[in-house]
Amino acid sequence: MKRKILRGLQVSEFIHLDELRNKRRALNNSAVQNALAQAEQWCQMAVDPLTQGTFVQIHESNSPVLNQISREVCKILDVEKIPDIYICHLMNVSIFPIGTDSGESYLIVPDYILRHNDEDMLYYNFGNAVTMIKADHVGLSTLASYMPGGSIFVDVPKLLFTAYLHSADSTSDRGGLLACQSLAAAARCQFFDLGIPPSQSKKFFTTDAEAETFIENYLVAHKKTMENYSSIMTQAARFVQRMVYLEAPPNKMLSELFEWYKAPEGYHAVMSKSR
């Protein structure tokens, strides 16, 4: 598949509207500032032992395909520095970066996705992770991952982080779509997070047009199901879930990505700017 190189691509062209506002709220909190300073120290001490002592680094000699995909994704998204890649034994369904925004960031590839992702899906996953580096998401996301949890009523820094991370995740999803340039591949990744293996979702759709129809029908069916649980307590439970969990609900992430794909100022507008 021939993919368009998005020369001069800026995060501002596809950033989620809530991200900057939520990031300012998080960074203006003194508790968050102290935690971020501690996280910076933790990363400096722990990243090298984690990557070099626990994970397996990928080189051109032992995995030319992954290296090629990483290089091409960085080229597509106009990211100059190509991060080092490490493989680890995890059941995660996505690639993620660790490190700091001011220092080195590394891409961690769970071996689980290598057994289930086709090439187009890997472009999406690499694009998602590389966007986190390009958009300076790595420092806060690494901090949030290691922040101790507490009561949802007093753990204000955690609430600030989750609000930021959910909007930042939407930005990263958009970067993944721009990298793979295939709605079908992006949708397979999203449905994998919902528990549908790619081998199954590929039976439902293979082209972008088929993916559009499938996603629309799925979201309509999901909305009807949720309408059966519209009590005040259920709505409160959903709100708590969104605020407490670092990851936003997968259905919400799928819906937000699809809305941006269809929006006049969304995916197709960004793609059309590149010549």
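This report describes the helices and aromatic residues of one predicted protein model.

Because the model is predicted, local features need pLDDT of at least 70 and side-chain atom pairs count only at pLDDT 80 or more, while totals for chains, interfaces and linings use all residues. Residues are numbered from 1 along each chain as its sequence is written, and side-chain values use heavy atoms, with hydrogens and water left out.

**The chain as a whole**

The chain has 13 helices and four strands; helices (H or I, at least four residues) and strands (E, at least two) are DSSP runs, numbered from the N terminus. Of its 275 residues, 49% count as buried. Here buried means under 20% relative accessible area, exposed means over 50%, and partly exposed lies in between (1.4 Å probe, protein chains only). The chain exposes about 14,000 Å², and carbon and sulfur atoms supply 55% of this area; accessible areas come from the Shrake-Rupley method with a 1.4 Å probe, and for residues only the protein chains shown count as cover. Among contacts (heavy atoms within 4.5 Å) with a separation of 6 or more, 72% join residues 24 or more positions apart.

**Two helices and their spans**

The expected span is 1.5 Å times one less than the number of residues.

| Helix | Number of residues | Span, first to last C-alpha | Expected span |
|---|---|---|---|
| α5 (residues 119–134) | 16 residues | 22 Å | 22 Å |
| α10 (residues 208–227) | 20 residues | 28 Å | 28 Å |

In α5, 12 of the 16 residues are buried, so this helix is largely enclosed by the rest of the structure. Tyr123 is one of these buried residues. The charged end of arginine 3 sits over the ring of tyrosine 123, 3.6 Å from the ring centre. A charge sits over a ring if NZ of Lys or CZ of Arg is within 6 Å of the ring centre and within 35 degrees of the ring normal.

The buried residues of α10 are Ala211, Ile215 and Leu219. Seen down the axis of α10, they fall within an arc of 60°, so they line one face of the helix; the arc is that of the directions from the helix axis to the C-beta atoms. An α-helix has 3.6 residues a turn, so residues three or four places apart point the same way. On the other side of α10, Ala209, Asn217 and Lys224 are exposed. The cover over the buried residues of α10 includes α8 and α12 (250–262).

Helix α8 is mostly covered, with 10 of its 11 residues buried. Glycine 195, whose phi is positive, near 100°, follows α8.

**Aromatic pairs**

A search of the whole structure finds 10 aromatic pairs. Rings of Phe, Tyr and Trp (its six-membered ring) pair if their centres lie within 6.5 Å; planes under 30 degrees apart count as stacked, over 60 as edge-to-face and the rest as tilted. Phenylalanine 191 lies in α8 and phenylalanine 214 in α10, so the pair ties together parts that are 23 residues apart in sequence. Phenylalanine 191 is buried at 0% relative accessibility, whereas phenylalanine 214 is partly exposed at 23%. A further pair joins tyrosine 261 and tyrosine 267, with centres 5.4 Å apart and planes at 25°, so this pair is stacked.
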